[in-house]
Amino acid sequence: VRSGDRSQGHVQVLNSMRILEEYTFQICMNENIFPNEIGLVFALQILDKCLDAGAELADAFHTNPILPDDLLTRRAHQTECHSHLNSLLHLIENAWKACHIPSRRIEYWTGLVVVTEKNLDVWIASDLRRYRRLTK
């Protein structure tokens, strides 16, 4: 999406997803956080889910709603991104319990996920207003 065509919702969700992906990669590669085989299993699942969410978000951004079907495709990618983010929260919670990750790290990490979800909601609402003509 050209920078001139991006709404504030676009920019916010892109930035928050980038920060989430960076932090997720950083924490999952830390052997002190995920020290053993069980930790490695959680880390890989968490990384996969985070990368899946990022890929869906990228697919949504690259879908330019010109026709009603394009808008439905974009909305489907946004919905899948939401689904992956919700699953990511669940995996982080399970890793926290199984790997005894410090609470302050979990609070920051889940906060990044929640901010990304909220920014995604803002973008979805913006799309609904912006492309209302395609839904009629």
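This is a predicted model: local features need pLDDT of at least 70, side-chain atom pairs count only at pLDDT 80 or more; totals for chains, interfaces and linings use all residues.
**Core.** A nonpolar core here is a set of buried Ala, Val, Leu, Ile, Met, Phe, Trp, Tyr and Cys residues joined through side-chain atoms within 4.5 Å; buried means under 20% relative accessible area with a 1.4 Å probe, protein chains only.

**Ile-46.** I listed what Ile-46 touches (heavy atoms within 4.5 Å), leaving out residues up to four places away in sequence. Its partners include Phe-34 and Trp-109, together with Thr-24, Cys-28, Leu-88, Leu-91, Ile-92 and Ala-95.

**Fold.** I counted 4 helices and 0 strands in the chain, in the order α-α-α-α. Helices are DSSP runs of H or I with at least four residues, and strands are runs of E with at least two, numbered from the N terminus. The C-alpha trace spans about 55 × 25 × 20 Å along its principal axes.

**Whole chain.** I found that buried residues make up 40% of the 136 residues. Of the contacts between residues at least 6 apart in sequence, 77% join residues at least 24 apart.

**Conventions.** I numbered residues from 1 along each chain as its sequence is written, and side-chain values use heavy atoms, without hydrogens and water. Local features need pLDDT of at least 70 and side-chain atom pairs count only at pLDDT 80 or more, while totals for chains, interfaces and linings use all residues.

Methods: Buried means under 20% relative accessible area, exposed over 50%, partly exposed in between (1.4 Å probe, protein chains only).
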